[in-house]
Amino acid sequence: DQQATLAKSDAATEVVAPTAPKISPKEWRITLKKVDGSRLGIDVDLSDEKTLVVDAINDGLVSSWNKANRDAEVKVGDRIVEINGQKGSAGELAQVCGNDSILEMLVTRGA
């Protein structure tokens, strides 16, 4: 079984490793767990109205994820196309980020 869960805690953040291998080199899933007011630490652009385009990566869960998962890093320009099964509306994706404590994100790069 290739499922793996890796918890990395520092202060109030926890990062969970991918639960499945990359879907493709341009599409993969990440899982983040918000605890005690932790922040995602990304700036996103909602202007395409369908996805969240990563504009900047700051301190937070995404940068912790990137440090622990070099082969599945989220980078500026990547698109978050689905969160916890929700897709199709950038506004709804942003709302899921604010409401849910565990976030499983489908990230794409390119095209």
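Which side chains meet in a salt bridge at 3.3 Å, N to O? Select arginine 29 and glutamate 82, and you have the pair on screen. A salt bridge here is a side-chain nitrogen of Lys or Arg within 4 Å of a carboxyl oxygen of Asp or Glu.

Before moving on, a word about what you are viewing. This is a predicted model, in which local features need pLDDT of at least 70 and side-chain atom pairs count only at pLDDT 80 or more, while totals for chains, interfaces and linings use all residues. Residues are numbered from 1 along each chain as its sequence is written, and side-chain values use heavy atoms, with hydrogens and water left out.

**Stop 1: arginine 29 and glutamate 82**

Colour by strand: arginine 29 sits in β3 (residues 27-34) and glutamate 82 in β6, 53 residues apart. Strands are DSSP runs of E of at least two residues, numbered from the N terminus. Glutamate 82 is buried at 13% relative accessible area, and arginine 29 is partly exposed at 27%. Buried means under 20%, exposed over 50% and partly exposed in between, using a 1.4 Å probe and protein chains only.

Now show the surroundings of glutamate 82. Leaving aside residues up to four places away in sequence, glutamate 82 touches Arg29, Lys87, Leu93, Glu104, Met105 and Leu106; contact means heavy atoms within 4.5 Å.

**Stop 2: aspartate 48 and arginine 79**

Next, select aspartate 48 and arginine 79, a salt bridge whose closest N and O atoms are 2.7 Å apart. Aspartate 48 lies in the loop between β4 and β5 and arginine 79 in strand β6, so the pair ties together parts 31 residues apart in sequence. Both ends are partly exposed: aspartate 48 at 32% and arginine 79 at 31%.

**Stop 3: glutamate 73 and arginine 70**

Here the two side chains meet in a salt bridge at 3.4 Å, N to O. Arginine 70 is exposed, at 56% relative accessibility.

**Stop 4: two positive phi angles**

Finish with the backbone. Glutamate 49, in the loop between β4 (42-45) and β5 (52-57), has a phi near 65 degrees, a positive value in a residue other than glycine. Its side of the story is an exposed one, with a relative accessible area of 60% for glutamate 49. Then go to asparagine 84, in the loop between β6 (79-83) and β7 (86-87). Asparagine 84 is not a glycine, yet its phi is positive, about 50 degrees, and the residue is partly exposed at 35%.

Methods
Helices (H or I, at least four residues) and strands (E, at least two) are DSSP runs, numbered from the N terminus.
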